[in-house]
Each structure stands twice: as C-alpha cells, then as structure tokens.
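Me: I'd like to walk through a protein and its ligand with you. Can you help me read the picture step by step?

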Amino acid sequence: MSNNSEDLIKLAKEVRKNSFAPYSKFMVGSAVITKEGKTYAGCNVESASYGLTVCAERVAIWKAISEGERDLAEIVVVADTEQLTPPCGVCRQIIWEFCGDVPVTLANLHGDVETVTMRELLPRAFDTKFLK
Ligand code: THU
C-alpha cells in the first residue's frame, strides 16, 4: 500500500455509491492517481445489453485519459466482497496498456486491503511493443 492508497480508497468508496448496476447489483468503485498526484474516480455503469457494461476501473482510466493524462501511477478497486475483488480480464489488459506495471490496491468495505502489481495480475501481457 502506497502513501496514496488510503486517499484513493476513500475516493473509490465514495464514487462506488454512484454505481449504475441495476442488473448485477454489484457495485464497484475505482480511482487512479497520476504521477503528478491528480486523481480520477469511476464506478461501473451497466447496460440493458449486458455486454456493453463498463467496469469501474475502465471508467476511472477513461476519465483520466480524456482529461489529457498519460502517466498513471496506481489504481484502486473497491467492492463489497469478503474476498477482495480483483480487476476482470478485460480491465487487466486496459490497466496494463494505460498504466503499465503499477500497484493495484484492492479493498472492501470492512477495511481489508491488499496491494498486488499489474505484472502479477497479467504476466506476459500483450501490448503495443508487439505491434512494432
Ligand atoms: N465489475 C467492475 O466494475 N470491476 C471489477 O473489477 C469486476 C466487475 C462490474 C462489472 C459489472 O457491472 C458488475 O461488476 C458485475 O460483474
């Protein structure tokens, strides 16, 4: 857990309350911090056409990227589960591409926290370097 994790967890818990999850009822919050210390938060937003749902992690990252940020330093995921909820496979790919091998802090509503690295979550990742 970095110095920033606590603030990011607070932000992710707060934005989780905005989760639009009428189908799964599974509310998730996420927050990212840039290398300069700016934060962006996002919740999951579901669609009636279930597959169009966007996870909280991607909403947080897209918010940062669309504001012109490129250097993301850490991401936090908060859900109300006993076993800490990790990013799904799609989000792992996106986190890797837009954040690289950053710390990923997982937290729940009972104060359990664990930090892992993106490399642990997505070993041998495919990314832009293969396209050159
Ligand atoms: N979800 C996230 O937002 N992030 C995760 O890390 C896991 C899953 C969302 C997607 C969907 O709205 C709901 O949780 C159930 O899968």
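What follows is a short chat about this predicted model.

Me: How many helices and strands does the protein have, and in what pattern do they come?
Reply: Let's count the elements before ordering them. The protein has five strands, along with four helices. Reading along the sequence, you get the pattern α-β-β-α-β-α-β-β-α.

Me: What radius of gyration does the protein have, and what would a compact globule have?
Reply: Start with the chain length, which is 132 residues.

Me: Where does the ligand sit, and which classes of residue form the shell around it?
Reply: The ligand sits in the largest pocket. Residues surrounding the ligand include Phe26, Val28, Asn44, Thr53 and Cys88. Sorted by class, the shell has two charged, three polar and seven nonpolar residues.

Me: Which residue has a side-chain N or O atom 2.5 Å from an oxygen atom of the ligand?
Reply: Let's go through some polar contacts, where the cut-off is 3.5 Å. At proline 86, a polar backbone atom is 3.2 Å from a ligand oxygen. Glutamate 57 has a polar side-chain atom 2.6 Å from an oxygen of the ligand. The 2.5 Å distance belongs to the side chain of glutamate 46.

Me: How much of the ligand's accessible area does the protein cover?
Reply: Take the ligand on its own, where its accessible area is 370 Å².

Technical notes:
Residues numbered from 1 in each chain as written. Predicted model: local features only at pLDDT ≥ 70, side-chain atom pairs only at ≥ 80, totals over all residues. Heavy atoms only, no water. Near = heavy atom within 4 Å. Polar contact = N/O pair within 3.5 Å; in protein donor to acceptor, adjacent residues only side chain to side chain. Areas by Shrake-Rupley, 256 points an atom, 1.4 Å probe, with all protein chains shown as cover. 1 Å grid on protein atoms, 1.4 Å probe; cavity = no way out; pocket = protein on both sides within 12 Å on 5 of 7 lines; lining within 4 Å. Sits in = over half its atoms within 2 Å of the grid points. Nonpolar A, V, L, I, M, F, W, Y, C, P; charged D, E, K, R; others polar. Helix = DSSP H or I, 4+ residues; strand = E, 2+ residues; numbered from the N terminus. Rg over C-alpha atoms; globule rule 2.2 N^0.38 Å.
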